[in-house]
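Here's a quick tour for anyone opening this structure for the first time. Have a look at it, then read on.

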Amino acid sequence: MTIEFYKEFGELGYLANYSNYGFVKDGIYYKTVEHYYQSEKFDNKELKTKIINAKTPKEASIIGRDRSNKRKDNFKQIKKQVMYNGILEKFRQNRDIAYKLIETRNKDIAEATIDEYYWGIGKDKSGENNIGKILVNVREQIKKEIIDNILQKCINKKIYIIGHDFSDADSIFSSFLLAKILQSKNIDASYALLDTYGDFNSNDISLIEDYIKEKPKIVDNNNLFILVDHNSLNGLDERNVLGAFDHHVLTGEVYDTIEMEYSSTCLLLYDIFKSSYQFSDYEKFLIFLSCLTDTDFLTSSRYTIEDKKLIKELNIKCDVNELQKKYFKMTDFNLSILDNLKQDYKKYEKNFKTIKRSIIKSYSNDFLLHHKEYEEYIKSMTDDYLIIWPCYDKKITNVYYNGDWIKIDKVLTSTILILEILEKKKLL
Ligand SMILES: [Mn+2]
């Protein structure tokens with residue numbers, strides 16, 4: 001898939017050279033990449049200053065493109081490098097858009113300008129697209145710099161890798177894997193749990209116990225951490241959190257965060273580190289299992305075509321149906337409503353409200369039979385309560401919140417994404 005952007009406006013506008021993201025290079029402040037690029041065409045100091053001080057990128061471009069001004073003799077040879085340097089500094093010095101660029105994962109990028117065949121793709125899309133290629137290279141470079149920066153901070157320190165509270169399989173497996181990866185890079189890393197954490201997620205507990213024999217270290221918050229499978233400080237001192245790797249929504253609470261949408265954090269770690277770390281067959285199997293549990297056994301929309309390709313690379317030979325029978329628990333309606341609401345329960349803070357959420361998993365028949373009694377039960381409480389109820393046969397998710405059932409036409413169990421949907425519908 002290719003991301004096509006056009007001009008400096010809208011959601012993808014941050015990719016354009018005209019977009020309003022300044023940076024300092026060699027002691028000079030440039031308002032935009034365009035100001036930098038145009039001024040680099042010339043040796044003449046006066047002309048350079050005029051371009052740098054131009055009020056708008058358009059104005060800088062008009063002066064820079066004026067052919068009556070003498071350009072550097074070798075500019076043609078260096079112009080791609082100049083462009084790369086400018087775009088790299090823009091993203092290096094504006095972390096908010098660096099995160100956005102990283103979130104485009106491995107997608108191609110194209111500047112869809114109709115009259116530009118060198119920098120863009122041109123009208124018939126046959127152009128060289130050099131800007132798009134540079135953005136992809138900058139993305140890889142920025143990602144590498146953030147990871148290197150995290151690793152650098154770990155040298156000669158004792159580091160604990162921790163997932164989120166009420167850990168699920170992905171949290172445990174990804175902290176275990178990242179500890180192994182870091183150990184191979186001579187970092188003293190251990191996979192761990194905070195001493196304040198609650199029990200393992202009850203859906204994944206038997207899978208975790210069957211496949212991880214090494215026990216996590218139990219530590220207090222007075223240590224150095226790297227977070228996996230979440231990127232919220234949750235009361236930790238930010239100076240103690242050296243970085244985060246996550247596949248959920250970015251919180252911005254941890255500066256050196258790599259956040260991209262993948263089926264699981266383990267799969268994200270695999271994609272990032274596969275060129276520098278040799279994953280064993282056992283580790284590859286853990287990655288595979290984490291994808292099963294984080295995508296409801298490959299049924300959720302999170303399991304994309306790109307992830308399917310990565311899973312294929314893992315070359316796992318096993319019967320998913322067998323694993324599903326053994327480990328994927330639907331809600332048992334013979335149990336009491338209270339017991340089932342407690343099964344997959346978590347509290348969320350949103351818009352200064354505490355929202356309690358439970359996940360119920362079933363086929364649509366069970367939903368039709370039981371949702372009224374669950375609704376009645378919830379209504380008797382005074383709290384803000386959210387029920388997420390995916391139906392695996394119809395591949396839909398029913399969401400109950402404050403008197404309303406909403407239907408989402410895919411299997412979606414990410415509470416964060418569902419809260420966003422409710423917010424957009426002005427139901428929060
Ligand atoms: Mn996860």
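Predicted model: local features only at pLDDT ≥ 70, side-chain atom pairs only at ≥ 80, totals over all residues.

Residues are numbered from 1 along each chain as its sequence is written.

A few terms before going further:

- Helices (H or I, at least four residues) and strands (E, at least two) are DSSP runs, numbered from the N terminus.
- Two strands pair if DSSP finds at least two bridges between them.
- Axes are lines fitted to C-alpha atoms, for helices over the stretch in contact, and angles run from 0 to 180 degrees between N-to-C directions.
- Residues are in contact when their C-beta atoms, placed from the backbone, lie within 7 Å.

**The whole protein**

- The secondary structure comes to 15 helices and 15 strands.
- Along its principal axes, the C-alpha trace spans about 85 × 50 × 45 Å.
- Of the 428 residues, 36% are buried (20 or more other C-beta atoms within 10 Å of the residue's own; exposed is 12 or fewer, partly exposed is in between, and C-beta atoms are placed from the backbone).
- Take the contacts between residues at least 6 apart in sequence: 58% of them join residues at least 24 apart.

**Domains**

- The domain assignment gives domain 1 (2-147), domain 2 (155-325) and domain 3 (337-424); bounds like these come from an automatic or database domain assignment.
- Domain 2 and domain 3 have C-alpha centres 26 Å apart.
- Where those two meet, 10 residues of domain 2 are in contact with 11 residues of domain 3.
- On the domain 2 side, the touching residues divide into two nonpolar, seven polar and one charged (Ala, Val, Leu, Ile, Met, Phe, Trp, Tyr, Cys and Pro count as nonpolar, Asp, Glu, Lys and Arg as charged, and the others, Gly among them, as polar).

- β11 and β12 (residues 353-359) run antiparallel and are joined by six bridges; Lys347 has Lys356 in β12 as its bridge partner.

**The six-stranded sheet**

- Here six strands form an open sheet in the order β7-β6-β5-β8-β9-β10, and the pairing is parallel.
- β7 (217-219) and β10 (257-259) are the edge strands, each pairing on one side only.
- The twist in this sheet averages 30° from one strand to the next.
- Three bridges pair β6 (residues 188-194) with β7 in the parallel sense, and Leu193 has Ile218 in β7 as its bridge partner.
- Helix α7 lies across β5 (158-162), β6, β8 (224-228) and β9 (241-246), at about 165° to β6.
- α9 also packs on the sheet, touching β8, β9 and β10, and its direction makes about 100° with that of β9.

**Two helices side by side**

- Helix α7 (residues 169-184) and helix α9 (residues 265-273) pack at an angle of about 25°, with axes 8 Å apart.
- That angle makes α7 roughly parallel to α9 (angles under 35 degrees count as roughly parallel, over 145 as roughly antiparallel, 65 to 115 as roughly perpendicular and the rest as oblique).
- Asp170, Phe173, Ser174, Leu177, Leu178 and Ile181 in α7 meet Thr265, Cys266, Leu269 and Phe273 in α9.
- By class, this contact has seven nonpolar, two polar and one charged residues.

**Loop residues to look up**

- Most residues other than glycine have a negative phi.
- Arg105 has a positive phi, near 55°; it sits in the loop between α5 (95-103) and β4 (108-111).
- Asp296 also has a positive phi, near 45°, and its place is in the loop between α10 (281-294) and α11 (305-314).
- Gly235, in the loop between β8 and β9, is exposed, with 8 other C-beta atoms within 10 Å.
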